[in-house]
Amino acid sequence: MASHTTNGVSLNGNGITKCERPKVGVGVLISSPNHPGCILIGKRKGSIMGAGKYALPGGHLEFGESWEECTRRETMEETSLLLGDVSFAYVQNTVVNDLNYHYVTIFTRSEVDISHKAEPENPEPEKCEGWEWIKWNELPSDNNLFWSLLVAKQQGLNPFQSVQKNVLKIP
């Protein structure tokens with residue numbers, strides 16, 4: 001009997017088996033009036049994928065959560081910062097077959113609400129070495145960037161310009 005896949009479920013003569021699906025992540029391009037032209041990045045650490053690489057604040061989109069809710073939740077969990085208005089910036093599809101890595105990452109952008117707190121903290125030191133403001137055109141070298149941030153940079157994303165969309169598959 002032939003095998004058929006529908007909505008991530010493989011149907012075959014032996015029953016139903018679940019297939020791996022891409023994960024959805026949110027990456028947050030955070031700017032600050034106190035650091036013009038900069039975004040907030042942190043160096044991942046521990047046993048998480050991408051340890052030693054620089055990444056944006058962000059994480060997994062939870063069931064029933066909007067992009068804006070995820071942006072605000074992940075930013076608060078990882079940096080203790082409150083944000084102003086949140087907007088869509090960019091979306092990408094990143095596939096690294098050798099590592100069984102497939103993410104659709106939704107990039108949002110926002111400015112820090114400096115009436116609350118202007119500088120990030122590091123409440124998850126087991127996951128991040130710390131946060132720093134860095135000019136977009138002075139990001140660390142490509143081999144030091146986590147995949148989603150690397151692809152965004154390579155595709156010409158500018159977090160300080162109008163909405164952009166792109167889809168890319170990394171071999």
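My entries follow, cores first.

I am working on a predicted model, where local features need pLDDT of at least 70, side-chain atom pairs count only at pLDDT 80 or more, and totals for chains, interfaces and linings use all residues. Residues are numbered from 1 along each chain as its sequence is written, and side-chain values use heavy atoms, with hydrogens and water left out.

**Cores.** I looked for nonpolar cores (buried Ala, Val, Leu, Ile, Met, Phe, Trp, Tyr and Cys residues joined through side-chain atoms within 4.5 Å). Buried means under 20% relative accessible area, with a 1.4 Å probe and protein chains only. The largest core has 17 residues, and Leu-29, Ile-39 and Ile-41 have the most contacts inside it. Strand 5 (38–44), strand 8 (83–96) and helix 2 (147–154) each supply at least two of its residues. Helix 2 gives the most, with 4 residues. I took helices (H or I, at least four residues) and strands (E, at least two) as DSSP runs, numbered from the N terminus. Another core lies apart, with 14 residues, including Val-28, Leu-40, Phe-88 and Trp-131.

**Ile-39.** I listed its contacts (heavy atoms within 4.5 Å). Leaving aside neighbours within four places in sequence, Ile-39 touches Leu-29, Leu-56, Trp-133 and Phe-160, among others.

**Strand 5.** Of its 7 residues, 5 are buried. I counted strands as paired if DSSP finds at least two bridges between them. Strand 5 runs antiparallel to strand 10 (residues 128–135) over 6 bridges. Cys-38 has Lys-135 as its bridge partner there. Strand 5 also pairs with strand 6 (residues 54–55), antiparallel, over 2 bridges. Gly-42 stands opposite Ala-55.

**Cysteines.** I found 0 disulfides, taken as cysteine sulfur pairs within 2.5 Å. Cys-38 counts as buried because its relative accessibility is 9%. Cys-70 is buried too, at 0%.

Key. Buried means under 20% relative accessible area, exposed over 50%, partly exposed in between (1.4 Å probe, protein chains only).
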